[in-house]
Number of protein chains: 2
Amino acid sequence: MRTVTKDNITQAFLDYCSDDTEPRVRFVLEKLVSHLHDFVRETNLTHAEWRKGLELLEKTGDMTDPERNEFVLMSDVLGLSSLVDMVNSPDEGTPSSVLGPFHILGAPDLPVGGDMKQDNDGAAVIVKGHVRNPDGEPIKGAEIEIWQTADNGLYSNQDNQQTEYNLRGHIMVGDDGLYQFSTIRPAPYTVPGDGPVGELLRATGRHPWRPSHLHFIITAPGYRSLVTEVFPSDDEYLDEDAVFGVREQLVMEYVEQNDVTAIPDGMEIAERLQAPFFTVDFDFVLAEEA
Amino acid sequence: MRTVTKDNITQAFLDYCSDDTEPRVRFVLEKLVSHLHDFVRETNLTHAEWRKGLELLEKTGDMTDPERNEFVLMSDVLGLSSLVDMVNSPDEGTPSSVLGPFHILGAPDLPVGGDMKQDNDGAAVIVKGHVRNPDGEPIKGAEIEIWQTADNGLYSNQDNQQTEYNLRGHIMVGDDGLYQFSTIRPAPYTVPGDGPVGELLRATGRHPWRPSHLHFIITAPGYRSLVTEVFPSDDEYLDEDAVFGVREQLVMEYVEQNDVTAIPDGMEIAERLQAPFFTVDFDFVLAEEA
């Protein structure tokens, strides 16, 4: 195209892509470039703003290393990560939510009824429920991975005072689909504010807090894998999660118990648990594989 | 917002921004996030594609250093840099075009009629014209900066065989607005293909070539500064510039001359120039300051 103008540049981009471009690549790029061009046109973006945007991307790159990915965090606080989760979620079953950057492979096995609290500080919680299919039937042999923060708001891989797999577990449910384990209440925490993401949050008057939550990955043959997180109903940041992860169906009721008779059968922690503590009853529903 | 959905997440983002966010920041972010969210919804972007996008950004960061900015190059090949130029261009006067990454400060003074070719290989060109206002009157005291590639397609700051300011000059025009200088024909060149930008070009079957061009920055008191580049009319990449910089009004006619009588008066190179050589006559028009 000899004369590129602000009105034909999007078409010029498409014309430059060869006809044998893989169709999905072409479609995704067409949409991306069309939206970026519209963004520039609708804002009459100045050179100074364009440079500022590029500087933010450069700084985001500078903050990113194998231990910390500031691009993922930027995607999180812009709502992009959560939106990608949502457009890929099946209509049935428990909603998915952001995986986050703190998952690690190799969580230790935890029997049904096992204790993940061990000697961690924090309020004790017994979490139980069933893994079910959309008809409400238990799913035999579902596998559950759990990870969460310690009472100081840090995950084990952020905190060298914790052992590698502290507050991480892997449960294989039985034929009844039941899972249960004891742990501590997770703590709210802030996303890191020392990089471009912090700059963005401050420029828009947003706080960096995430509501406290337990992470779950649940898998079972014949079902879609579920990556999600669940939130205590009394968390103060439930209505304003910095990374847009909360869904009404992912809110767990924490019930305060003042009597040890409320401890379910089969809990390893039963002998040493004293009231008060919390119980949570929460079922996960997996969608069938497409 | 307690239940974020794919339909309300854009509004949730806006609700989270505080009311005292600087209005332009809010507007630009609103447009950016709206378009990025629409992009995810319209493509049903998969997790794998989202990760691929983040990986490309990470690699772009890895390739970027004080000597080379892969983010700018990515912006260039997506047409964003050129579009930012266009939305900021006045309606009157010579169109602007991309500054590019090869400009350096401190180009040496060149008198009107001076020689920038020196002992560079390449076909000799005499470039002349006037700097005018929109009424066609010469602009006294306009300043012109010029930079270009050597015959090997490299700028002096890409090539340690060239001196620091080779093929760079700064001309102060006189009362008649006339500029003229001798140089060599610039050479077409490729944008670097060893990073994510190269990956993008290959994935879409695009070549990495830019048509040959001379860069100009022209400034004068009372007028808008013009950053532009001009292209020989016979360049084979004129209709498909990898960075979308070509405008019809920026195409210069290179006229082949077979007689030294075609050398204009006042050219320093006159004594040693032999035919054939090229002449170019091109006027620049500066818009008045807003």
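The model is predicted: local features need pLDDT of at least 70, side-chain atom pairs count only at pLDDT 80 or more, and totals for chains, interfaces and linings use all residues. Residues are numbered from 1 along each chain as its sequence is written, while chains are lettered from A and ligands numbered from 1 in the order in which they are written.

Helices are DSSP runs (H or I, at least four residues), numbered from the N terminus. H3(A), residues 47-63, has 17 residues and reaches 24 Å from its first C-alpha to its last, close to the 24 Å expected at 1.5 Å a residue, taken as 1.5 Å times one less than the number of residues. Trp50(A), Leu57(A), Thr60(A), Gly61(A) and Met63(A) of this helix are buried (20 or more other C-beta atoms within 10 Å of their own, with C-beta atoms placed from the backbone).

Between the chains, 66 residues of chain B are in contact with 66 residues of chain A (C-beta atoms, placed from the backbone, within 7 Å). On the side of chain B that touches chain A, H2(B) supplies the largest share, 16 residues.

Chain B can be laid on chain A with an RMSD of 0.0 Å by a turn of 180° and a shift of 0.0 Å along the axis, superposed by least squares on the C-alpha atoms of residues with pLDDT of at least 70 in both. The two copies are therefore related as by a two-fold rotation axis. In chain B, the C-alpha of Gly61(B) is nearest the axis, 2.2 Å from it.

Methods:
Two residues are in contact if their C-beta atoms, placed from the backbone, lie within 7 Å. Helices (H or I, at least four residues) and strands (E, at least two) are DSSP runs, numbered from the N terminus. A residue is buried if 20 or more other C-beta atoms lie within 10 Å of its own, exposed if 12 or fewer, and partly exposed in between; C-beta atoms are placed from the backbone.
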